[in-house]
Amino acid sequence: MKRTAPKTPSITVSDVARAANVSKATAARVLGGYGVVSDMIRADVMAAAKALDYRPNELARSMTTGRSGIIGVVVGDIENPFFSLAVRGISDAARAAGFNVILANSGERIEVEKAAVRLLIGKRVDGLIVTPAESRDISHLRDIHRSGRPLALLDRALPDLDVDTVTVDDRGIAMRATRILVDAGHRNIAYVTAVDAEGHEYRDLGQIYTSSVRERIDGFLTVCRDAGIDRPERYVRLGATSPIETRRVADAMLSGPDRPTAILASDSVIALEIFRVIRERGLRVPEDISLITFHDADWTSVTTPPITVIDQPVYALGKSVAELLIRRLKGDPRPAERLILPTSIFERGSVGPPSNAIAKRA
DNA sequence: CGAGAGCGTTATCGCTGAAA
DNA sequence: TTTCAGCGATAACGCTCTCG
């Protein structure tokens, strides 16, 4: 029995150099694609490398260059199609520029996000893209900045952190969506988000530490108040962190005596579960309840009725933030940029006037 | 416990020989 | 004689592991 695993001798530049009868330096020049080498020697080295199946040792390479060629990405929830599409945008832009991506999931938990950032810095990523779960505790993000590594923020801006940021106009688009519901005659409109807070109950904006959601709720409440709706904040529901939790929230909301006649969902995962609960309760969209959701997820266009959605340019969001970061990695000295991408609403069939029964009671 | 070798690669320096 | 393409030698990188 062997006590130690047999060493698998990997082919190095030295081996290739020996096989090609040149020095290590010359072989390295050919394999690394730098410096000047004659065509004959280049051919010899390439042939030797191919014969030996040489593969560069990236660890050793980054030891001398100080670069890893890797971009670290920390997102809130990999399972959410919003983030998977954004990551797709990031990785496409990264690959085009010769970078790879390491992905970490924070589950929207600040401790996990901090650990992920620490891990990625330990892995010596060249730069990081983060969707900060909280605007309150950003010491770990300042640390990145201070370590000289570029940082870029995706989807969520932090006023106190002057780094490249790509977002959408969350407040403005939430206002437009809310206005559609108000114009349809709704007075009891709920906003449902995954973001949670102390006590799981909404009191005021100060509780909401996820900047994009704070913006949205602000926009939502502003339009409600402008329409003369009394205490719209009582319909803000927090903690729809998973399908199970969303179901709990939706059940509680829809079984109450003053159930809302319209719902604005903060993401498509929440909206799908709410849609299920509505149907299971024998209610109809939009006759009994109107529904609008953030994110034009695939399923929203194939339901009966199809769902009115806020179409965020998710792929472009990811692509743009990666491009900003890569520009930074290449030494661009320009001041930090805050991009706000345009957003639109696809009006489909899930919004109608409030049902009479409820309207009478209200 | 500290010194130092070793890992694979890159980058710099300096040498050689041939062309101008 | 000068110039420079083409190449070799080697220090340096940051860490682990061994040795004294």
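Tutor: Helices, as the word is used here, are DSSP runs of H or I with at least four residues, numbered from the N terminus. The model is predicted, and what follows describes that model.

With that definition, the surface near DNA strand C can be described by its elements: helix H2 (24-32) and helix H4 (58-65) each supply at least two of its residues, and H2 gives the most, with three. The residues that surround DNA strand C are Val 22, Ser 23, Lys 24, Ala 25, Thr 26, Val 36, Val 37, Ser 38, Ile 41, Met 63 and Thr 64, where a residue counts as near if its C-beta atom, placed from the backbone, lies within 6 Å of the strand. Sorted by class, this surface has six nonpolar, four polar and one charged residues.

Turning to the other DNA strand, 17 residues surround DNA strand B, and the closest are Thr 12, Val 13, Ala 28, Asn 57 and Ala 60. The elements that give two or more residues to the surface near DNA strand B are again H2 and H4, and by class its residues divide into eight nonpolar, seven polar and two charged.

As for the rest of the chain, chain A is divided into domain 1 (13-56), domain 2 (68-168 + 314-342) and domain 3 (170-312 + 345-361). Between the centres of domain 2 and domain 3, taken over C-alpha atoms, there are 29 Å, and the contact between these two domains takes 16 residues from domain 2 and 13 residues from domain 3. On the side of domain 2 that touches domain 3, the elements giving two or more residues are helix H5 (81-96), strand S5 (164-168) and helix H12 (314-329), and by class that side has eight nonpolar, three polar and five charged residues.

Strand S5 also takes part in an open sheet of six strands, which has the order S2-S1-S3-S4-S5-S11 and parallel pairing. The edge strands of this sheet, each pairing on one side only, are strand S2 (100-105) and strand S11 (338-341), while neighbouring strands are turned against each other by 15° on average, direction ignored. At the S2 end of that order, six bridges join strand S1 (residues 70-75) to S2, the two running parallel, and Ile 71 stands opposite Val 101 in S2.

How values were computed
Residues numbered from 1 in each chain as written. Chains lettered and ligands numbered in written order. Predicted model: local features only at pLDDT ≥ 70, side-chain atom pairs only at ≥ 80, totals over all residues. Domains from an automatic or database assignment. Contact = placed C-beta atoms within 7 Å. Nonpolar A, V, L, I, M, F, W, Y, C, P; charged D, E, K, R; others polar. Pairing = 2+ DSSP bridges. Axes fitted to C-alpha atoms, helices over the stretch in contact; angles between N-to-C directions.
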